[in-house]
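Trainee: I would like to learn how to read strands, sheets and helix packing in a model. Can we go through one together?

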Amino acid sequence: MPRTALRICPLCEATCGLTLTIEGTAVTGARGDREDVFSRGFICPKGAAFGALDADPDRLRTPLVRRDGRLREATWEEAYEAIAAAVPALVREHGAQSVGVVLGNPNVHTMAGNLYPSLLLKALGTRNFFTASTLDQMPKHVSSGLLFGDPFAIPVPDLDRTDFLLLLGANPVESNGSLCTAPDFPGRLKALRARGGTLVVVDPRRTRTAKLADLHLAPRPGSDALLLAALAHTLLAEGLAAPGTLEEQAEGLGELADALARFTPEAVAPACDLTAAEIRDLARALTAAPTAAVYGRIGSCTVEYGTLASWLVDVLNVLTGNLDRPGGVLFPLPATGPRPRPAGPGKGFTLGRWLSRVSGHPEAKSELPIAALAEEIETVGEGRIRALIAIAANPVLSAPDGRRLDAALSGLDFMISVDPYLNETSRHAHVVLPPPPPSQSAHHDFAFNGFAVRNQVRYSRPAVPLEAGRLDECEIHARLVLAVSGRYGSADPSAVDEMVIHGVLAKETADPSSPLHGRDPARLAGLLTGENGPERRLDLMLRLGPYGDRFGAGPAPQAGPGEGECEGEGAGTGTYAGGSGGEGLSLERLLAHPHGIDLGPLRPRLPGVLRTRSGRIELLPDPITAELPRLRAALADRPAALVLVGRRHLRSNNSWLHNVPALTGGSNRCTLQVNPEDAGRLGLTEGGLARITADGGSLEVPVEVTDTVRTGVVSLPHGWGHDRDGARLSVASAAPGVNVNQLLDGSRLDPLSGTAVLNGFPVELTPLP
């Protein structure tokens, strides 16, 4: 008889609750969980295809080890013995920097990817650390770090209460949102307009999101920072800025007008390809709204001035008084986040604490630009990367100049991939460790709850028992930590989790400000529940978090207005009722609410969230001030005749899902979208071929003529190019598409964040027969 099981969807940032239909051990259906406290039954095509992804016959089921130049099936013991023999020896001979670690986007969608990479880096001692963040969101981390002192203090739009939403470079109707975790983003946008609110979309394409808007502006790609600067200038010059109580909490307000003096609407308009009147009207509408939120995403991050654009988004939120305000943008308070602490000065955020070996790129948030990975492998000398650990990463497709990186990977002394597929990157590995399918894994969203538009907490245990011969993904990572540190065989994998638990408790009980001060850490560890180490760690984080039971020590100290508070009428409906005399959160309590626990709407958290050295919002930090002259110089730049932007597909997520038949075809195609006017001028025809050329080389791609993209702009989607020998992606290879990032040579970076410029770069088009 079929049965049902609950599972949080791991396929995008919306984190929707699913109800799976299971026959035996096979997932035969997936629908939205109507009782989920956050998603309320919403589902997108990716979630509906959960069963097909779970059962993909191309998923690896046993480890692979390279022998005599070929990857062959092996036992888990053979795989880890190969790692234990290779990596510690390389570190002893060549030093810790001879090993690099690269994390892909899927890591933040798994428990293992959140719990273990930091332990792996600590065990290795390497600074050669790269992630997909420098292909996506690092500018927002850097700007938040500089403004608020914490790179993870990213305010999100209060979608359900705002009166005015300004979206830049975002297409959440198709992407489901990013750095703004919001199930049913399209429904929330429609609800905004239904209650009389205003939606403004700034995008060079008339996306599905733009079609919902009250106003769609289509500026020249890459000009987001200039447009935002002109909006801020207008507010200041016309006396429209109204920061309210934020004026007392912000440094640099008085200097902003001088810093932005050159960015008048008239000066900026030609570079943006908008009129000065359009810019002024938008600024006035933004400040006139009762509440408003400015939100920028990948289109405003992966451009030449991505960090400045991200900074200016929150400058506007401050100038309009909408930062940390209901209906504006607020800081979420996740259940597994750190306990609130009293407001006051912190350590602040520093860029460039070390530099990459070859080109001297500064680190940001302990990461180096992934665009520099190839040169760090190729270039001989001390500190050269000789071994690479790639976890859920496919940089051959996702990073600039994949051909160069492809060649570099083939020259490594040793490579490990933790990946369910033999893809364009993992095919180079000496050892491949495949995690089980998502139905066989537990799930909690450690990362995305920190960007959620409503505070809530959910956890789902595996829907299907672990298949014989497989290892749980968390155990795969724990064993990897032991193997690279030379401890494989001398310690049980559970020792990794216990080490973390006892380390955290030792620190808490020694901290005079902690409610656990003076208690016995071993006794506290014995009170934790859970079937395994990861569950015990989750229980620990819930108990010590802002809503936790703190092992009976009482509610958390308050660190700001509303910090740690929740509302609701009782636990029976899945609504939080603890914290102030009620039962606090723990794993046991969370398991009693399989559809999750609602922790209430976002609430103001300033000044408690600030960790700057001044203890205030630092509106004009030195790195931003030093970067502004470069933006001023852009006012005089002569724009390229034709530039490229990427695009999102509802039924895809980067390079992940092209091997699922149910998610292929339709609009999910690798075509070059060209405006009819440009197509006519260049001699391009619908369905014909074009050669597109840029810094990194040329591609041949089919043309799609459409007026959804503005003149002077072409669009090619990200994540394609599944045509390399040795990969085992039978569905994706049947319609491989082309890798848009091959058009880049890795030289175009946002200097503050090291993020690759993937949008708004110049290209040339030539029609082909």
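What follows is a walk through selected features of this structure.

Mentor: Some ground rules first. This is a predicted model, where local features need pLDDT of at least 70, side-chain atom pairs count only at pLDDT 80 or more, and totals for chains, interfaces and linings use all residues. Residues are numbered from 1 along each chain as its sequence is written, and side-chain values use heavy atoms, with hydrogens and water left out.

Trainee: Which strands pair in the open sheet of three strands, and in what sense?

Mentor: The general idea: strands of a sheet pair through backbone hydrogen bonds, either parallel or antiparallel. Helices (H or I, at least four residues) and strands (E, at least two) are DSSP runs, numbered from the N terminus. Two strands pair if DSSP finds at least two bridges between them. Here the order is β1-β2-β3, with antiparallel pairing. β1 (3-8) and β3 are the edge strands, and each pairs on one side only. On average, neighbouring strands of this sheet are turned by 30° against each other, direction ignored. Axes are lines fitted to C-alpha atoms, for helices over the stretch in contact, and angles run from 0 to 180 degrees between N-to-C directions.

Trainee: How many bridges join β1 to β2?

Mentor: Six, and the two strands run antiparallel. Arg7 stands opposite Leu18 in β2. Strand β2 (residues 17-23) is also joined by six bridges to strand β3 (residues 26-32), again antiparallel. There, Leu18 has Gly32 of β3 as its bridge partner. The hairpin of β2 and β3 has two residues between the strands, and Gly24 takes a positive phi near 70°.

Trainee: Is strand β15 buried or exposed?

Mentor: Start with the cut-offs. Buried means under 20% relative accessible area, exposed over 50%, partly exposed in between (1.4 Å probe, protein chains only). Five of the five residues of strand β15 (residues 387-391) are buried, so β15 is largely enclosed by the rest of the structure.

Trainee: Which way do the residues of β15 point?

Mentor: In a regular strand the side chains alternate between the two faces of the sheet. In β15, Ala387, Ile389 and Ile391 point one way, Leu388 and Ala390 the other, and all are buried. Now the partners. Strand β6 (residues 99-103) runs parallel to β15, with five bridges joining them. Val102 stands opposite Ala390. Five bridges also join β15 to strand β16 (residues 414-418), in parallel. Ile389 has Ile416 of β16 as its bridge partner.

Trainee: What is the strand order in the open sheet of four strands?

Mentor: The order is β11-β10-β9-β13, with parallel pairing. β11 (215-217) and β13 (293-296) stand at the edges with a single partner strand each, so one side of each has no neighbour in the sheet. Neighbouring strands here are turned by 15° against each other on average, direction ignored. Strand β9 (residues 164-168) pairs with β13 in the parallel sense over four bridges. Leu166 has Val294 of β13 as its bridge partner.

Trainee: Which strands does helix α8 touch?

Mentor: Contact means heavy atoms within 4.5 Å. Helix α8 (residues 185-194) packs on the sheet and touches β9, β10 (198-202) and β13, its direction making about 125° with that of β10. Helix α9 (residues 224-237) lies across β9, β10 and β13, running at about 150° to β9.

Trainee: At what angle do the axes of α6 and α14 cross?

Mentor: Two packed helices are described by the angle between their axes and the distance between the axes. The axes of helix α6 (residues 138-148) and helix α14 (residues 306-319) come within 8 Å and cross at roughly 50°. That makes α6 oblique to α14. Angles under 35 degrees count as roughly parallel, over 145 as roughly antiparallel, 65 to 115 as roughly perpendicular and the rest as oblique.

Trainee: Where does His658 sit?

Mentor: His658 lies in the loop between β21 (643-645) and β22 (672-674). At 3% relative accessibility, His658 counts as buried. Beyond its neighbours within four places in sequence, His658 is in contact with residues including Ser652, Asn668 and Trp720. His658 and Asn668 are ten residues apart in sequence and 8.9 Å apart in space, C-alpha to C-alpha.
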